[in-house]
Amino acid sequence: MYKINEVFETIQGEASHTGVPSIFVRLQGCPVGCAWCDTKQTWEVDPVYLVSLEQTVEKKADSDYWANATPEQLLALFEERGYTAKHVVITGGEPCMYDLNPLCDTLHAKGYHTQVETSGTFEILVPEKTWVTVSPKINMRGGYKVLTSAMQRADEIKHPVAMEKHVEELEALFEQTGVQPKLVYLQPISQKAKATKLAIDTCKQKNWRLSVQVHKYIGIS
């Protein structure tokens, strides 16, 4: 059983898969504690907010409500809703609190591609062909460390930045883990002008890439 906060079909707005039609499966639960998190409704798994799986699709706004679901139940939900996207983004919360192999294997068997978005603070239990986006959460209040194994497994790094120290922390993480990823995206926090300029200038300097959360600019989920 997976704990599901919401399920919806949209366009991926970040990093390498920007523009790809995608089904988002947002899992409940995250102890990392990012100050700027825009999905704080996923942090706690409170039994008081347990609902049916169908209710997670019908949400009109962010909420603490969540449902239990098997991979097969999620597939049935996709079909019931008439989703046509073949790319599934498993996000959170912190999805790597769970063993994602059963979910990803089930989706792959039905012709879906999978992507996982994680903070890198938990072991990443996914099949080899799952695309892994690590958004390393460094020195967050939850006290979790970014794992070297997570950095090694990453297909891309997507790092939120607002000030120079965030860039410095990322460079220090690369040095500590001995990992120099081929794909590094900087993502301005909250689309603020200062953060955006910092990200652009740094990307030009280091030959990294810019991720601008396209979905927020065009006003979709």
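**Basis.** I worked on a predicted model, in which local features need pLDDT of at least 70 and side-chain atom pairs count only at pLDDT 80 or more, while totals for chains, interfaces and linings use all residues. Residues are numbered from 1 along each chain as its sequence is written, and side-chain values use heavy atoms, with hydrogens and water left out.

**Salt bridges.** I counted 7 salt bridges (a side-chain nitrogen of Lys or Arg within 4 Å of a carboxyl oxygen of Asp or Glu). I looked up Arg26 and Glu6, whose side chains meet at 2.8 Å, N to O. This pair links distant parts of the chain, with Arg26 in strand S2 and Glu6 in strand S1, 20 residues apart (strands are DSSP runs of E, at least two residues, and helices of H or I, at least four, numbered from the N terminus). I found Arg26 buried at 12% relative accessible area and Glu6 buried at 13% (buried is under 20%, exposed over 50%, partly exposed in between, with a 1.4 Å probe and protein chains only).

I next checked Asp201 and Lys197, whose closest N and O atoms are 2.7 Å apart. Asp201 is partly exposed at 31%, whereas Lys197 is exposed at 54%.

**Loop residue.** I located Pro127 in the loop between strands S5 and S6. Pro127 is buried, with a relative accessible area of 11%. Leaving aside neighbours within four places in sequence, I listed its contacts as Asn101, Cys104, Asp105, His108 and Arg153 (heavy atoms within 4.5 Å). I also noted that Arg153 forms a salt bridge with Asp155 (3.3 Å, N to O).
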